[in-house]
Structure formats: structure tokens, C-alpha cells
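Dear colleague,

Please find the structure below. My notes on its aromatic side chains follow.

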Amino acid sequence: MQWDRKPLLERALSGVNSNSADDRSTWFDFDLSTNYYDTVPDTGDTVVYYLEITNTTASLDGVEREVQLVNGTFPGPTIIANWGDTVIVHVTNNLGVVNGSSIHWHGIRQNYTNQNDGVASITQCPNAPGTTETYTWRATQYGSSWYHSHWALQAWNGVLGGIIINGPTSANYDEDLGNLFLNDWTHQTADQVYLLAEANGVPTLDNGLINGTNVYDDGGSRFEMTWVSGTKYLLRLVNGAVETHYKFMVDNHTMTVVAADFIPVEPYVTNFINIGMGQRYDVIIEANQSTADYWLRAIPQVACSDNDSADNIRGIVRYDSTSTSDPTTTGYTYTDACDDETSNLVPVLALDAESDTTEDDFAVTVAKSNNVFKWYMAGTSFVSDWANPTLQKVIEGNTTYSNSEHVIELDTADEWVYFIITTTQAVPHPIHLHGHDFYVLAQGTGTYTEGTTTLTTTNPPRRDTAMLPASGYLVIAFVTDNPGTWLMHCHIGWHAAEGFSIQLIERIDEISALTSADTLNSTCTAWDTFVTTSEIEQDDSGI
């Protein structure tokens, strides 16, 4: 079955933006019913940001360690744009003599702009120290996300920040509080911990951070915010952790969930929310409790996360800004589990999945190779060469790929593709796809059986990151409507570095015309020059 989908139709804004606390469902003459896969507002506006990545030290939880930061902060500056804007970001790598970099705009579909996806070894060579890479993309959807390095483990040394695309919302709120990052944290660098993960499996992490801060022993400080009674607050939750699956809650308060990743959903009310690595949720919380102090909690789920501070990753919500007391409130009762929110998610823009034309099955396994752990999909542990990215191969007409590059070619335009991902391992995995929102057709524990396992095709949840349950299966579908070289991978940092990835080459005949060979080759030439004068060697999957 083919779906007739072309590059987005641009439609000029008209009238006055009536989006307000009384009605958040509209955006100029667009609203929640606008099909953002087909249509994008033509704002005529461009927002420009300058980011610099540097090495430094920081004591985010009171313990000093080496970090890599964007513009000197954790999280880095938030990229803010309106639905339909063009976004230009100049990223300078000032990390010094041993670090490349690349910045991925997580969840941004990069509609016909694959070259700007920012994935080392896939869409570009790494940015060499002392060079600047310019990324240009269109805000074709609205909601919340984040950017992060997609080179080695830099993201979890601090190279990350928020993305906010303003647009309509499926429930009303008074004040937008912006991104709220939930991160795990170690007192060694992520690279040092990775060596332990390779040798021994899942490591125990030291702590967690809420918007870049927390306490540890007698040091550090809590994240705090003050609420005004009667106000409805929008929080844009981002799980930026390397390996930790959280339950998020604010004691005594319920939350209304209004978006999952970049997809507005029918609002639902819950006491807490499950959020896996790479996932985002927009939630609205009303300040409707008595004047007091309340714990805000990010709770690692021990079923799949190991953290020495599991009960102490907390912030404080105050109704009285003069208070300095610790809260005495109690959290909601929950069952420890690395669940997804799939059964609760009903997209406001209702779209059905159609029958598959192409289907691939991927069994996920893990094994030790040369005394280090490697992850495999369909028997292949992924490795791609920094210095010879897939996109460069495509525009040079080199279509010979090694087994370890694990290329899936999707040549036909506008066809439905199903991926069936299964595992017998007792470990869940957040599966993230670049370049697309996918439809979640099935997700569960046990064995997937074709023809027996029920597939939900009527307005199923859509998103870009979903959980593969432990000892279970995940069935996803999307349409080949976006030419490019796209990565699909586990968003646990160690697993991606250890080979848990595949790449999709979509509509190869259209890619070269969408790519600036000069920009691509310039970045690779600078990288090659850097490599010849340094001692850097690739020792991971390349992404």
C-alpha cells in the first residue's frame, strides 16, 4: 500500500494568534486538527543560535568532575522557535585535542533536510576541534524536545540542551515553565564508566539531576520552583539519562498529560508518569494544594536502572518563596516497573496505519566479544566509520556496505514499513528512530506471533521513542516519506556505543539532490586533517 505524501505544503499565517490561557488549541489560523505531516505554517521567520562546546569542571551535585558543556551550562541554552520557523544553529567545537562532536536535534524529523540530523558516521564526519558546523532545519511540528551530542558519550558528559517549538496544546494552562530535564549522573566521566559497562555490564550510577542540579552527601543543592496557588503550569519533561528509566511525580498533585514526544494527545490525568530515555512528555499541573512545600520526584525504576541515590533524586515545589524547609510530603504508591505510557496515548490528530509493504524482524541479543559486551540486532553489532559517513557514500555513488554497517535499504517512496523488534533478554530498551514519527502497533512481554499478536492500526500512538519491553516485543510502522540516511537505535548510551543500532537508507535516488556535497566534504576534510595530527582512534560504534 502506497501513501501519496510529498514535501510539506507551506501555508502563510493569517489573522491574530488567539492562543491564550483560555484556549490553547489554536495557533493563528492553524489548530490541533492541522495535519503537521502535510502542512506547515509559513512564518517567514528565522531564529539563529550560537553554541560552543567546551571542556570544564562542574559540581552539579556538589562533587566536582570533568564535564563537557554547551555555552558553559547544564543543560545548555534552550532552542526556542515557533511552529513553522526556520532554525539555524552554529555549533563550535572548542573541546581541544581529543574530541570530535556532532549535534543531533532529537525528534526533529528533518523533513527533506537529512544532512542536518547531526549524527557522526551517518550524516556527517565529526566536527573537528576548532571548527564550526551550521545546522539548518524547519520546525515542522510543535512541542518539546532536546538536542545532544551524537558522538561517543559526550551527551552524558553534559553536551545537551532543550528545544521548545511553540504551538497549540490539547489542554489549557497559564504559564509555560519550559523544559524540565531528568538526568542520571556519575562522579566519573561517562567515558570512564563506559569501560566498566563494556567489561562488566550495567554499571551502578552515583546520582541523578533535575535540571542540572541535586544534592549528594552534604553537598550540592536541590532544584526548586515556586508556584502560585490556582495557576496551571506546563512542564516539558525530558529524560536525558544515559540508562535510567524514571517515574516522575509531584507529591499531592495530579498531572494532565497533553503530549508524548512531538505528538499532542487527548489529555489524561495521572498521579505519575513513566518516562524512558529519550522520551518527552508535556504535562500540566495545577497548583491546587495548601500552602506548603512538596517533593518533586524522579524515581529510577530498579527493574532496569541501578542508582545509589534512587530515593534522593528530588526537587522542591514551594507555595511560599520565603520557605527554606525540606518538604515532609509522601510520594504516591507505585509498582516498580519500566513501563511505557502507550495504553494511555491517543493522538489528537487521528491517523490510521495501513498494511505493510515491507516488513523486517530484528531479534535483540547481547554477547561478549574480546571480553567486552556488544549488542546485536538481527545478529549484527553495528559499527560505522567516523571518517566515511553513510551520507557521503550515497552521494559518491558507493552503495557497497559492510555487514557491520547494518544498512536497510528502503527504495520505494510512500510505502508502509513495519519493524518487529523482539528480545529474550530481561532488559527493556528505548528504541529511537531518526527522521520519522512511528506508529506503535504492538508492545508487550512474551513472544510476538505473526497473525496472532494483535496489531492496533486505528489511530495508534505515534512518537519517535518507545520502549521495547524486557523479554518482549515492539512493533512499529512508518511511511517512507522522508529521503535520507536515518539511524534507529537503543537510547541507552552504553548500548548504542556497543552496537545496538541499524541504519535506514530511504529513497536513495533522491538523497544527493537534497545534500550539499561541499559542506559534507569540508567537514570530512577538516576531520581527516585532525585525525592525522592527533592520536584519536575510534573504539565504539561510531555514533
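F530 counts as buried, at 10% relative accessibility; buried means under 20% relative accessible area, exposed over 50% and partly exposed in between, with a 1.4 Å probe and protein chains only. This is a predicted model, in which local features need pLDDT of at least 70 and side-chain atom pairs count only at pLDDT 80 or more, while totals for chains, interfaces and linings use all residues. Residues are numbered from 1 along each chain as its sequence is written, and side-chain values use heavy atoms, with hydrogens and water left out.

The partner of F530 is W527: the two form a tilted aromatic pair, 5.1 Å centre to centre with 50 degrees between the planes. Rings of Phe, Tyr and Trp (its six-membered ring) pair if their centres lie within 6.5 Å; planes under 30 degrees apart count as stacked, over 60 as edge-to-face and the rest as tilted. W527 is buried too, with a relative accessible area of 1%. Both residues lie in helix α4 (residues 517–533), three residues apart, about one turn of the helix. Helices (H or I, at least four residues) and strands (E, at least two) are DSSP runs, numbered from the N terminus.

The structure holds 20 aromatic pairs. One of them, F419 with F478, is stacked, at 5.8 Å centre to centre and 5 degrees between the planes. F419 lies in strand β29 (residues 416–423) and F478 in strand β34 (residues 472–479), so this pair ties together parts 59 residues apart in sequence. F419 is buried, at a relative accessible area of 0%, and F478 is buried with a value of 0%.

Elsewhere, F30, Y36, Y37, W83 and Y142 form one aromatic cluster.

Regards
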